[in-house]
Amino acid sequence: MATSFKDRNLIAVIGDEDSITGLLLAGVGHINEYQKKNFLVVEDGKTQVSEIELAFEEFTQRKDIAILLINQHIAEKIRPTVDKYQQAFPALLEIPSKDHPYDPSKDSVLKRVQKLFGD
């Protein structure tokens, strides 16, 4: 049976410790029956780019995730992978962090929207 958008009820997050902590306190955290978390804490100097890419691929392929939030400065580390992602679900949103403000010129979704409208 095909998975419908109605089965997608989780938010996944790839972010720094402060962003993840805030979202976990807001109730976003989940561990499924296979012991898979819906978040990845990226620590500067400790988390490998390959680990970030692996989490991104896993979260974008899971059928229970509706939205994937990623800190924009972390998305920059895997920019080619982020830019290639074009699926509607899970929706991909780049968010700022406490130490790294949002830069609209780097947001892949915003770039696509601007291209669509000819801006």
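Visitor: Which residues are buried in α2?
Guide: Bearing in mind that this is a predicted model, the buried residues of α2 are Ile52, Ala55, Phe56, Phe59 and Thr60. They cover an arc of only 125° around the axis, which puts them on the same side of α2.

Visitor: Why would residues three or four places apart point the same way?
Guide: An α-helix has 3.6 residues a turn, so residues at that spacing end up pointing the same way.

Visitor: And what is exposed on the other side of α2?
Guide: There you will find Ser50, Leu54 and Gln61, which are exposed.

Visitor: What do the buried residues of α2 pack against?
Guide: They pack against several elements, namely the strands β1 (10-15), β2 (39-41), β3 (65-71) and β4 (91-95), together with α3 (72-75) and α4 (79-84).

Visitor: What span should helix α2 have, and how far apart are its end C-alpha atoms?
Guide: Helix α2 runs over residues 49-61, and at 1.5 Å a residue its 13 residues should span 18 Å; the end C-alpha atoms are 18 Å apart, so the expectation and the model agree.

Visitor: Switching to charges, how many salt bridges are there?
Guide: The count comes to seven salt bridges. One of them joins the side chains of Lys77 and Asp44, at 3.3 Å from N to O. That pair links distant parts of the chain, since Lys77 sits in the loop between α3 and α4 while Asp44 sits in the loop between β2 and α2, 33 residues apart.

Visitor: Which residue does Arg79 meet in a salt bridge?
Guide: The side chain of Arg79 meets that of Glu94, with 2.8 Å from N to O. Because Arg79 lies in helix α4 and Glu94 in strand β4, the pair ties together parts that are 15 residues apart in sequence.

Visitor: Are those two, Arg79 and Glu94, buried or exposed?
Guide: Arg79 and Glu94 are both buried. They also belong to a network of salt bridges in which Glu76, Arg79, Asp83 and Glu94 are linked.

Visitor: What about Arg62, which side chain does that one meet?
Guide: Arg62 forms a salt bridge with Asp64, at 2.9 Å from N to O. With 10% relative accessibility, Arg62 counts as buried.

Visitor: Which residues make the nonpolar surface patch?
Guide: Val113, Leu116 and Phe117 make that patch, which covers about 350 Å². Of these, Phe117 is placed in the segment after α5 (108-116), and its 61% relative accessibility means that Phe117 counts as exposed.

Visitor: Now the backbone: which peptide bond is cis?
Guide: The bond from Phe89 to Pro90 is cis, with omega near -5°, and Pro90 belongs to the loop between α4 and β4.

Visitor: Which residue has a positive phi although it is not a glycine?
Guide: That is Gln35, whose phi is about 65°. Gln35 lies in the loop between α1 (17-25) and β2, and with a relative accessible area of 62% Gln35 is exposed.

Conventions
Residues numbered from 1 in each chain as written. Predicted model: local features only at pLDDT ≥ 70, side-chain atom pairs only at ≥ 80, totals over all residues. Heavy atoms only, no water. Helix = DSSP H or I, 4+ residues; strand = E, 2+ residues; numbered from the N terminus. Expected span 1.5 Å × (residues − 1). Buried < 20%, exposed > 50% of the residue type's maximum accessible area, 1.4 Å probe, protein only. Arc of directions from axis to C-beta. Contact = heavy atoms within 4.5 Å. Salt bridge = Lys/Arg side-chain N within 4 Å of Asp/Glu carboxyl O. Patch = residues over 30% accessible without salt bridge, like charges linked within 9 Å, V, L, I, M, F, W, Y side chains within 5 Å. Areas by Shrake-Rupley, 256 points an atom, 1.4 Å probe, with all protein chains shown as cover.
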